[in-house]
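Welcome, and thank you for taking a look at this structure. Have the sequence and the 3D view open as you read, and let us walk through them together.

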Amino acid sequence: MSAIAVHELTRTFDDFVAVDSATFDVARGEIFGFLGPNGAGKTTTIRMLCGLLRPTSGHAQVAGFHVARDAAALRARIGYMSQSFSLYPDLTADENIQLFAGLYDVTGARFAQRREWVLGMAGLRGFERHVTGTLPLGFKQRLALGCAVLHEPLILFLDEPTSGVDPVARRGFWDLIHDLAQAGTTVLVSTHYMEEAEYCNRLILMNRGRIIAAGAPQTLRSAMTEAIIEVITDDAPRAVEALTRAGGVIEASMYGRAVHVVVADAGAQAVTMVRETLVAAGRSVESITQVTPSLEHVFVSTVRSEGGAVAG
Amino acid sequence: MSAVSVQGLSRSFAGTVAVDSLTFDVERGQLFGIVGPDGAGKTTTLRMLAGVLPPTAGDAVLLGVSVAREPERVKPHIAYMSQRFGLYQDLTVRENILFYADLYDVPRGELPARMERLYRFSRLGDFEDRLAGRLSGGMKQKLSLSCALIHQPAVLLLDEPTFGVDPISRRDLWLILHQMVADGMTVIVTTSYMDEAERCDVVAMLHEGRLLGLDSPRVIQDHIEGSLFAVRGPDPRALRDLLRHTSGVRHATLFGDVVHAVTGTDITAVSLERMLIDGGASVDDVTSARPSLEDAFIEFVHAPS
């Protein structure tokens with residue numbers, strides 16, 4: 001059975017349709033990402049899934065609870081962690097754990113056992129009495145995660161959990177998330193950052209309230225019909241100028257010393273066309289290769305083909 | 001001649017070393033990235049280059065002027081966009097730009113042409129009468145950048161300009177930066193995102209105040225000694241755990257359903273697949289992948305210094 005089943009979920013604010021008939025399923029133990037520009041409807045969708053906001057129409061079941069009918073019961077089974085940590089910086093690590101235990105009614109033997117688990121998982125043994133604000137960022141982050149899952153929620157929601165963290169700490173953090181998912185926690189991740197999206201099993205891409213793409217990161221990349229061609233020339237700005245005017249080129253932009261050219265159709269003739277355009281403009285071509293689109297390419301290309309992001 | 005020349009630049013706060021003897025040069029017209037996690041010393045470095053924080057030791061020379069000795073003489077030639085760049089929330093887009101133009105004595109006659117150009121890049125022209133406080137995060141950043149550019153500085157210093165900005169606006173910002181660089185401006189930008197750093201001409205990787213590596217992203221990526229493989233199978237987590245215990249494998253990381261493994265040069269896709277199968281794993285495929293700047297950063301952090 002799905003951990004989350006969403007059917008034509010819609011939310012309007014006056015005339016504004018914030019979420020428009022979203023339909024998707026998330027399996028138990030899956031790490032599921034929400035991507036989209038500001039105003040795409042990610043937060044509104046997640047607030048409905050957490051039972052914080054009533055849908056205007058459609059329905060959603062989360063961990064067996066109906067989001068509109070069983071909102072209070074549902075909220076007790078959800079854990080939440082964001083980049084702007086929910087921890088109290090002037091309390092000690094242990095005091096933060098006690099505070100969350102109190103909030104979620106984790107008491108007695110269960111508390112002792114969960115506290116041990118958090119301290120072990122976060123690598124905080126020996127630091128229990130340290131003031132949270134003075135802990136290194138990686139520790140704070142693991143402590144925040146521990147507090148968010150202290151009550152063993154069925155669903156864990158992460159809002160840009162690792163932005164600003166160094167790559168070594170980030171990988172360590174995602175190892176913990178994969179362990180939680182393996183143990184059966186369903187994880188929802190909302191993010192702007194493709195580096196975080198890469199860790200998800202599946203993603204949905206939202207724009208203007210609608211789901212415009214869904215699938216595993218790899219599937220989304222291979223489904224892209226546009227191709228990205230990377231060229232290195234003697235003069236990148238002039239190469240961009242020449243390519244921007246060429247037919248079949250959707251966009252040309254600088255990427256370090258290289259130029260990334262987005263063309264409508266993949267294939268050998270695209271590479272030939274780019275090369276000929278450059279030669280005709282008097283550029284000398286050092287190298288020209290078709291590159292695997294990044295998730296950012298997929299994102300930008302899909303949003304563009306769906307009429308662009310909301311301005312303002 | 002270098003636009004910026006940094007020699008042994010250091011800064012301590014109450015005995016804590018935030019920036020530890022950095023030495024690097026930035027050429028004129030270069031897009032130079034300072035990349036590293038929070039706390040690496042990126043902002044402190046940038047504040048010293050901007051002449052707003054005196055170095056504890058060392059110096060930086062911008063366009064021939066020493067920031068340690070003559071910080072005030074540096075300021076007219078640079079623009080510094082900090083993370084809390086001062087936009088007036090209750091002024092319109094246009095009024096904010098005009099305010100900065102006056103501050104920097106931009107000749108009135110040149111204003112229309114400069115504003116028109118900035119509007120073209122930023123696509124803010126349609127919103128010129130909107131209050132800054134009512135713009136989205138991405139538009140605010142584009143307005144801050146426009147204000148910083150109105151006096152046409154020779155050197156532009158940007159502190160995490162894309163923090164919290166969505167990918168579409170983020171991309172617009174980078175397009176503007178590339179255009180400025182093409183016009184000859186020197187741009188130094190900090191970011192904690194490795195995928196963004198790949199857009200720079202040269203990247204300085206900072207970790208705990210020290211310079212880990214300095215080169216073009218391409219050279220840094222190729223610098224990884226060994227190979228990166230993408231490994232797929234029905235149980236990715238078991239594959240990751242097995243890879244971590246396989247000799248010759250330095251790191252294994254799970255990305256969704258794919259495991260990335262960094263190995264020594266003696267391992268091939270075929271030999272890695274064989275080792276995994278001999279270890280009892282079931283494997284769908286092993287393919288060679290291009291290391292990212294993030295992979296390189298991790299290698300540098302782990303490298304014995």
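A crossing of two helices is called left-handed if the near helix is turned anticlockwise from the far one by less than a right angle, and right-handed if clockwise. Keep that in mind for the helix pairs below. Please also note that this is a predicted model.

## The two chains

Let us begin with chain A. Its secondary structure consists of 11 helices and 14 strands, and its C-alpha trace spans about 75 × 50 × 35 Å along the principal axes. Of the 312 residues in chain A, 44% are buried. If you look at contacts in chain A between residues at least 6 apart in sequence, 69% of them join residues at least 24 apart.

Chain B also comes to 11 helices and 14 strands. Along its principal axes, the C-alpha trace of chain B spans about 75 × 45 × 35 Å. Buried residues account for 47% of the 305 residues in chain B. For contacts in chain B between residues at least 6 apart in sequence, the share that joins residues at least 24 apart is 68%.

## Where the chains touch

How many residues of chain A are in contact with chain B? There are 35 of them, and they are in contact with 37 residues of chain B. On the chain A side, at least two residues each are supplied by H6, helix H7 (194-197), helix H8 (217-223), strand E12 (249-255) and helix H11 (295-305). The largest share, 5 residues, comes from H6(A).

By class, the residues on this side of chain A divide into 18 nonpolar, 11 polar and 6 charged.

## A helix pair in chain A

Two packed helices are described by the angle between their axes and the distance between the axes. In chain A, helix H5 (residues 137-148) packs with helix H6 (residues 167-182) at an angle of about 15 degrees, and their axes are 10 Å apart. Angles under 35 degrees count as roughly parallel, and H5(A) and H6(A) are therefore roughly parallel to each other. The crossing in which H5(A) passes H6(A) is right-handed.

Which residues of the two helices meet? From H5(A) come A:Gly138, A:Gln141, A:Arg142 and A:Leu145, and from H6(A) come A:Ala169, A:Phe173 and A:Leu176. This contact of H5(A) with H6(A) has 4 nonpolar, 2 polar and 1 charged residues.

## A helix pair in chain B

Now turn to chain B, where the axes of helix H3 (residues 93-103) and helix H5 (residues 137-149) come within 8 Å and cross at roughly 30 degrees. That angle makes H3(B) roughly parallel to H5(B). H3(B) passes H5(B) in a right-handed crossing.

Here B:Val93, B:Asn96, B:Ile97 and B:Tyr100 of H3(B) meet B:Leu143, B:Ser146 and B:Cys147 of H5(B). The contact of H3(B) with H5(B) has 5 nonpolar, 2 polar and no charged residues.

## A helix with two sides

A:Val303 lies in helix H11 of chain A. Is A:Val303 buried or exposed? With 24 other C-beta atoms within 10 Å, A:Val303 is buried, as a residue needs 20 or more to be called buried. Leaving out residues up to four places away in sequence, A:Val303 touches A:Pro37, A:Asn207, A:Gly308, A:Ala309 and B:Ile168. A:Thr23 is 280 residues from A:Val303 along the chain, and their C-alpha atoms are separated by 19 Å.

A:Glu251 is found in strand E12 of chain A. A:Glu251 has 18 C-beta neighbours inside 10 Å and so counts as partly exposed. From C-alpha to C-alpha, A:Glu251 and A:Ala144 are 42 Å apart in space, and they are 107 residues apart in sequence.

Conventions
Residues are numbered from 1 along each chain as its sequence is written. Chains are lettered from A and ligands numbered from 1 in the order in which they are written. This is a predicted model: local features need pLDDT of at least 70, side-chain atom pairs count only at pLDDT 80 or more; totals for chains, interfaces and linings use all residues. Axes are lines fitted to C-alpha atoms, for helices over the stretch in contact, and angles run from 0 to 180 degrees between N-to-C directions. Helices (H or I, at least four residues) and strands (E, at least two) are DSSP runs, numbered from the N terminus. Angles under 35 degrees count as roughly parallel, over 145 as roughly antiparallel, 65 to 115 as roughly perpendicular and the rest as oblique. Two residues are in contact if their C-beta atoms, placed from the backbone, lie within 7 Å. Ala, Val, Leu, Ile, Met, Phe, Trp, Tyr, Cys and Pro count as nonpolar, Asp, Glu, Lys and Arg as charged, and the others, Gly among them, as polar. A residue is buried if 20 or more other C-beta atoms lie within 10 Å of its own, exposed if 12 or fewer, and partly exposed in between; C-beta atoms are placed from the backbone.
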